[in-house]
Amino acid sequence: MGSGTKVGKVRGLGSAKSGVHHWVAQRFTAIGNALLVSWLIAGLVMLPSHDHGAVAGWLAQPIVAVPMMLMIVSVFYHIRLGLQVLIEDYVHDDGLKFAVLVLLTFYAIGAGAVCLFSVAKLAFAGGPL
Amino acid sequence: MAQSRPRPLSPHLTIWRWGPHMLISILHRVTGDGLAIVGGLGLTWWLFAAASGPADYATFQYYVWRADEADLAGLIANYVSRIVLIGLSWAFFQHLFSGLRHLVMDMGAGYELKTNRTWSLVVMAAAVIATIALWAYIFTRGAH
Ligand code: HEM
């Protein structure tokens, strides 16, 4: 296979499929991460104490719980997209690639769900307010 | 095993000459992947521990930050976790700044050889400085 761009060389290889969407979503979540993860780091560093009461009480406030949940969605979506690229670059066997991508999807959605549930639990049921 | 029809490949690592632009590209990937796996699991552990109540959170805090003076295994865990936390914060700053560089370059700017080289170096230096500043602040403030 040459490296030219003549149409004959790319014909029959299939369409670019969801590539553009993937690329754009990676960048939208990148901006979300930049804002929200910086916010989390600043918020954590500024907490006067990091005992359970302080952390749980902080996370339970709506003004913290909502951006936190947004951050979780943005981060795990970005992770799902980002590690997918890594896998596609280095895992060449179709069967193994499929299996690893399934594993990655379970990780991103599963861990994201645990995080969202934890914040929701603190916000609705826990933490002194 | 099964392999689809060969796709066109872009030239890989071996043909490029080393320089700041190459290092920063590799760092973007390494830090992104580190944050995704270690950071993602850490975030999950932290939030789950907080949601599980004071006793579980105390266990989390014990191993991550402040084990008993007499507990050698706990202290080793504390050291390892501090190195991991400092590493994660550096990875975040490095990935954040090189990610912003990505966004600028996506708009078509910053490809001139000198500009590209300069900003690559600026990004790497900024990440180290931000990490030092963050931890200097945390340690001088006496975090707990
Ligand atoms: C802290 C949470 C974050 C995690 C866990 C994370 C993780 C990742 C991963 C795993 C990749 C794929 C890297 C590769 O293998 O090529 C990636 C790519 C990317 N990240 Fe992040 N990232 C985070 C935050 C950010 C932030 C704050 C930005 C800021 C602008 C950003 C911008 C990008 C961009 C632009 C790409 C795509 C690079 C490309 O197309 O080659 N990320 N990220």
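A polar contact is taken here as a pair of N or O atoms within 3.5 Å. In the predicted model, a polar side-chain atom of Arg29(B) is placed 2.7 Å from an oxygen atom of the ligand. The elements that contribute two or more residues to the shell around the ligand are helix H2 (19-46) and helix H4 (62-90) of chain A, together with helix H1 (20-52) and H3 of chain B. The ligand accordingly has its place between chains A and B.

The shell around the ligand consists of 22 residues, and the closest are Arg27(A), His78(A), His28(B), Arg29(B) and His95(B). By residue class, the shell divides into 10 nonpolar, 9 polar and 3 charged residues. From chain A, the side chain of Arg27(A) has an N or O atom 3.0 Å from an oxygen atom of the ligand. His78(A), also of chain A, has a polar side-chain atom 2.7 Å from a nitrogen atom of the ligand.

His95(B) counts as buried because its relative accessibility is 17%, the limit for burial being under 20%. When residues up to four places away in sequence are not counted, His95(B) touches His78(A) of chain A as well as His28(B), Thr31(B), Gly32(B) and Leu35(B) of chain B. With one of these residues, Thr31(B), there is a polar contact between side chains, at 3.4 Å.

The interface between the two chains was examined next. Chain A and chain B bury about 3500 Å² between them, and carbon and sulfur atoms account for 64% of this area. Leu13(A), Val45(A) and His52(A) supply 17% of the area that chain A buries against chain B, more than any other three residues. In terms of residues, the contact takes 45 from chain A and 38 from chain B.

Thr44(B) belongs to helix H1 of chain B and, with a relative accessibility of 12%, it counts as buried. Apart from neighbours within four places in sequence, Thr44(B) is in contact with Phe76(A), Ala111(A), Val114(A) and Cys115(A). On the side of chain A, Leu83(A) is situated in helix H4. Leu83(A) has a relative accessible area of 8% and is therefore buried. With residues up to four places away in sequence left out, Leu83(A) touches Leu104(A) in its own chain and Asp33(B), Ala36(B) and Ile37(B) in chain B. Leu83(A) and Leu13(A) are 70 residues apart along the chain, and their C-alpha atoms are separated by 24 Å.

Chain A contains 5 helices and 0 strands, so that, by the assignment of helices and strands as DSSP runs, its elements run α-α-α-α-α from the N terminus on. Of its 129 residues, 40% count as buried. Among contacts in chain A between residues at least 6 apart in sequence, 73% join residues at least 24 apart.

For chain A, the unreviewed UniProt entry gives the annotation "transmembrane region" to residues 28-47, 59-79 and 99-124. Residues 59-79 of chain A are 95% helix and 0% strand, with end C-alpha atoms 23 Å apart. The span of residues 99-124 of chain A is 100% helix and 0% strand, and its end C-alpha atoms lie 37 Å apart. For chain B, the feature "transmembrane region" is placed by UniProt (unreviewed entry) at residues 35-55, 75-97 and 118-138. Over residues 35-55, chain B is 95% helix and 0% strand, the end C-alpha atoms being 27 Å apart. Residues 118-138 of chain B are 100% helix and 0% strand, with a distance of 30 Å between the end C-alpha atoms.

Methods:
Residues are numbered from 1 along each chain as its sequence is written. Chains are lettered from A and ligands numbered from 1 in the order in which they are written. This is a predicted model: local features need pLDDT of at least 70, side-chain atom pairs count only at pLDDT 80 or more; totals for chains, interfaces and linings use all residues. Side-chain values use heavy atoms; hydrogens and water are left out. Buried means under 20% relative accessible area, exposed over 50%, partly exposed in between (1.4 Å probe, protein chains only). Contact means heavy atoms within 4.5 Å. A polar contact is a pair of N or O atoms within 3.5 Å; within protein, one must be able to donate a hydrogen and the other to accept it, and residues adjacent in sequence count only if both atoms are side-chain atoms. A residue is near a molecule or strand if one of its heavy atoms lies within 4 Å of it. Helices (H or I, at least four residues) and strands (E, at least two) are DSSP runs, numbered from the N terminus. Ala, Val, Leu, Ile, Met, Phe, Trp, Tyr, Cys and Pro count as nonpolar, Asp, Glu, Lys and Arg as charged, and the others, Gly among them, as polar. UniProt positions are given in the numbering used here, feature names are shortened, and annotations may be inferred rather than shown by experiment. Buried area is the accessible area (1.4 Å probe) that two parts lose on being put together, summed over both.
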